[in-house]
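I am opening this notebook to record, step by step, what I looked up in the structure shown below.

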Amino acid sequence: MRDILIADDHPLFRDALRRTVAQILPDARLLEADSVDSLSELAARHPRAELLLLDLNMPGAHGFSALVHLRAAFPTLPILIVSAREDPALMRRALGHGASGFIPKSADVEQIGRAIHAVLDGDTWLPPGIGGSGVSLDPEEEALAARVAELTPQQYRVLTMVCNGLLNKQIAYELNVSEATIKAHMTAILRKLGAHSRTQAVLLAAKLTVDGRATAVPADDDE
């Protein structure tokens, strides 16, 4: 029995997608997650999963950074993006960051089936009419993605929380660790990203968001 992972934070759409995939792959075992954290744990528990259907907009995703992080953590797991966004440039950008395909949420069952079977066969897939050959990223974005890929799971989690506007003491509380531990993670994050401050780290991370916009982040006095 093949394992298929489905990651989306919207229960109704996740249920609809699960039903659709079950129709396409009736013998598959479908495993669900509603955040990047729960998805990482799920993928680690099922290392032989054959496919991940990933929503770009879910807790912990922060644009393409989750795709980059998951691609590094689970290099053999094909990732098929499922998104309400239908911008051709965005679709090609997803492939540039390592996705195996991109399905718009408006796609019908037949189109979703073609996409899933293509990716399971080792191919890439984009909707008809979207050129996918010669996909490449801006060199600066590609270099940044490589640096994000070097973050450990906990460092990535901390960076995401910083991008959401949380201070070190708030992150420490959420992760049930000491503030000193978070400061150590921040030091490592800044070093790996080549940033000099948490604000600069957020601005760099924004380059991997869907629209390129950063959240205004208050700086810790002793970050």
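**Around helix H4**

I began with helix H4, and what covers its buried residues includes helix H3 (65-73), strands E4 and E5, and helix H6 (139-148). Before going further I noted for myself that this is a predicted model. The buried residues of H4 are Leu90, Met91, Arg93, Ala94 and Leu95, and just after the helix Gly98 takes a positive phi of about 110°.

**Arg93**

I then picked out Arg93, whose place is in helix H4 (residues 88-96). Is Arg93 buried or exposed? Its relative accessible area is 17%, and because buried means under 20%, Arg93 counts as buried. I next looked for a polar partner and found that the side chain of Arg93 makes a polar contact with the side chain of Glu141, at 2.8 Å. Leaving aside its neighbours within four places in sequence, Arg93 is in contact with Phe64, Leu137, Glu141, Lys207, Leu208, Thr209 and Val210.

**The sheet**

I turned to the strands and found an open sheet of 5 strands, in the order E2-E1-E3-E4-E5 and with parallel pairing. Which strands stand at the edges? They are strand E2 (29-33) and strand E5 (101-104), and each has a single partner strand, so one side of each is left without a neighbour in the sheet. Neighbouring strands of this sheet are turned by 20° against each other on average, with direction ignored. Looking at one pair, I saw that strand E3 (residues 51-55) and strand E4 (residues 79-83) pair in the parallel sense over 4 bridges, and that Leu54 stands opposite Ile81 in E4.

**Helices across the sheet**

I checked two helices against these strands. Helix H2 (residues 36-45) lies across strand E1 (3-7), E2 and E3, and runs at about 145° to E2. Helix H5 (residues 109-120) lies across E3, E4 and E5, and runs at about 130° to E3.

I stayed with H5 to compare its length with expectation: at 1.5 Å a residue, its 12 residues should span 16 Å, and its end C-alpha atoms are 16 Å apart, which agrees. The buried residues of H5 are Gln111, Ile112, Gly113, Ala115, Ile116, Ala118 and Val119, and what covers them includes helix H1 (11-24) as well as E3, E4 and E5. My last entry is that, just after H5, Gly122 takes a positive phi of about 95°.

Technical notes
Residues are numbered from 1 along each chain as its sequence is written. This is a predicted model: local features need pLDDT of at least 70, side-chain atom pairs count only at pLDDT 80 or more; totals for chains, interfaces and linings use all residues. Side-chain values use heavy atoms; hydrogens and water are left out. Two strands pair if DSSP finds at least two bridges between them. Axes are lines fitted to C-alpha atoms, for helices over the stretch in contact, and angles run from 0 to 180 degrees between N-to-C directions. Contact means heavy atoms within 4.5 Å. The expected span of a helix is 1.5 Å times one less than its number of residues. Buried means under 20% relative accessible area, exposed over 50%, partly exposed in between (1.4 Å probe, protein chains only). A polar contact is a pair of N or O atoms within 3.5 Å; within protein, one must be able to donate a hydrogen and the other to accept it, and residues adjacent in sequence count only if both atoms are side-chain atoms.
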